[in-house]
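Subject: Structure for your review

Dear colleague,

Please find below the structure that I am handing over to you. My findings follow it, and I would be grateful if you read them with the structure open.

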Amino acid sequence: MKKYLGIDLGTSSLKVVVVNQRGEIINSSTMHYDVIIRNEGWVEQNPDQWLKALKEALTDLKKFDSQILKEINAISVTGQMHGIVPVDEFGNALHHAIIWSDRRNEQELAALQTELTNEEWVTITGNRPNISFTLGKILWFKNHEPELYEKTDKFLLPKDYLRMQLTGIAETDYSDASATLLLDIRTLKWSENISNLFHLNRSKLPEIKSSLSFSGSITRTSAETLGLKEGTPVICGCGDAQAQALGNGIIHPKDWLCTVGTSGQLFVSTDRLAMEKSGKLHTLVHADPGKWVLMGATLSAGMSFKWLAESIFDSELEIKELLDLASTANAGSKNLLFLPYLFGERSPYMDERAKGTFIGFTNEHTKSEMSRAVVEGVLFSLYQSFKIVEETIGQKCKYLVLTGGGAQHDLWVKSAADIFNVPVVRNNSRGGGAYGAAMLAAVGTGDYNTLSQVAEKWGLYQHEMVYYPNSALHEKYEKLYQVYVRAYDSLKEIFHGLHDC
């Protein structure tokens, strides 16, 4: 039976998964690595550590079956979006990767916001500028490392750098390119308007392909280094948000996905190009050809709870224990609100200067209310995107699939059902983005005709558990939400003042 290898290059770890032709996970492995903080707001990773993690993960797979890597029929990759690796003509990294959470390009962001209005940016790229997007990082290199900029042959996104180490070919796909602020969202080509406006050399950007396109094969060098079979086809792949969606069967417009991982996303597939004209949402390209994505994001979802557990409560309780404690508090946390802006906020404000905030403390609040308020605050942030998506596409959500680490505890799932007021589906984890990458490998190599077909054959439309909303609790949450949505505007000047101090 054929086997497919999916590789997911995450922010904190690299995961590989081997899936057979029935969609069953044969084996998987995860290896971790660190981020590098050289200066305040500078967040980097060493690409050599990505390759080391890949080699270790593949070696780990062989402990289960010594021949498993030689039996792989096709490979695909996904990974963290928005980051950048400058490489020379031989594919050597000239600098550490500047990843999505890096904030050094604030001056470049200001320049982007000055040159075009948000509406003009959205018309061209489907998105408005924010601190995470790739364009600002390339401009930072151009402004602060001009010699390195000139030496750069290609600026590659993280998963594209990793794939190039497998095949020797520098390419990207439409889904990842659509999150750079450099892609013309209508023509699906690198925007001449944007590159000319900021005097960028488009030859430094890789060729763009479909996520399902053949992108070379395993070279002799990578085969010898990693233990893979020389000549194994490699499929282009997609961004991690799109791969996570694929791995949960989010392909058709009726399917809505909410991911609560380190960050959080509200992801909706559409059959037509749809944009929120002021840029409150991201418009991206789906990994499934001919489809699009409307996505809202919050930068600190599960990370907010991790911060509370480790930095505030000093790891007195494990995450699950703290969630159990939070479950003992009443819905609404005695009217305590939490704004999850620990790294600024993405949707709908696109404000890197926003700050995390508790609002409404009284002497009655305890750890249980604080913990529950964090869960509710993260979900309120994603609920904002949910409501904006419904308005933008004129379509009501019928049910919501919840995935990520948050989906593993009932409190997140039940609270989501009550806040969003729709049935919430919790699926058993199948390997996340790496599983989605394996789906791309299966279709890209021709073993299945479409991603919808492989999703059906692999059982992704079979929902394991459904949680239904409590109307009385939704009514209570809706009242709190109306206060929550006013909080940012009330505190915006204070956030910015603190940032500029």
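In this predicted model, helix α10 (residues 240-247) packs against helix α15 (residues 432-444) at an angle of about 80°, and the two axes lie 7 Å apart. The two helices are therefore roughly perpendicular to each other, since angles of 65 to 115 degrees count as such. On the α10 side the contact involves Ala243, Gln244, Leu246 and Gly247, which meet Gly432, Gly433, Tyr435, Gly436, Met439 and Leu440 of α15. By class, the residues of this contact comprise five nonpolar, five polar and no charged.

A second pair of helices may be examined next. Helix α12 (residues 319-327) and helix α13 (residues 367-393) pack at about 100°, with 7 Å between their axes. That angle makes α12 roughly perpendicular to α13. From α12, the residues in contact are Leu322, Leu323, Leu325, Ala326 and Ser327, while α13 supplies Lys367, Ser368, Ser371, Arg372 and Val375. Here the division is five nonpolar, three polar and two charged.

Leaving aside residues up to four places away in sequence, Phe420 touches Leu379, Leu382, Tyr383, Phe386 and Leu400.

I turn now to the strands. Six of them form an open sheet with mixed pairing, in the order β3-β2-β1-β5-β14-β13. Which strands stand at the edges? They are β3 (25-32) and β13 (214-217); each has a single partner strand, so one side of each is left without a neighbour in the sheet. From one strand to the next, the twist averages 20°.

At one of them, β3 pairs with β2 in the antiparallel sense over seven bridges. Lys15 has Thr30 in β3 as its bridge partner. The hairpin of β2 and β3 has four residues between the strands, and Gly23 in this hairpin takes a positive phi near 85°.

Helix α1 (residues 47-64) lies across β1 (3-9), β2 (13-20) and β3, and runs at about 145° to β3.

Finally, please look at helix α6 (residues 158-167). Is this helix mostly covered or mostly exposed? Helix α6 is mostly covered, as nine of its ten residues are buried. The buried residues are Pro158, Lys159, Asp160, Tyr161, Leu162, Arg163, Met164, Leu166 and Thr167. Just after α6, Gly168 takes a positive phi of about 80°.

An α-helix has 3.6 residues a turn, so residues three or four places apart point the same way.

With kind regards

Technical notes:
Residues are numbered from 1 along each chain as its sequence is written. This is a predicted model: local features need pLDDT of at least 70, side-chain atom pairs count only at pLDDT 80 or more; totals for chains, interfaces and linings use all residues. Side-chain values use heavy atoms; hydrogens and water are left out. Axes are lines fitted to C-alpha atoms, for helices over the stretch in contact, and angles run from 0 to 180 degrees between N-to-C directions. Angles under 35 degrees count as roughly parallel, over 145 as roughly antiparallel, 65 to 115 as roughly perpendicular and the rest as oblique. Contact means heavy atoms within 4.5 Å. Ala, Val, Leu, Ile, Met, Phe, Trp, Tyr, Cys and Pro count as nonpolar, Asp, Glu, Lys and Arg as charged, and the others, Gly among them, as polar. Two strands pair if DSSP finds at least two bridges between them. Buried means under 20% relative accessible area, exposed over 50%, partly exposed in between (1.4 Å probe, protein chains only).
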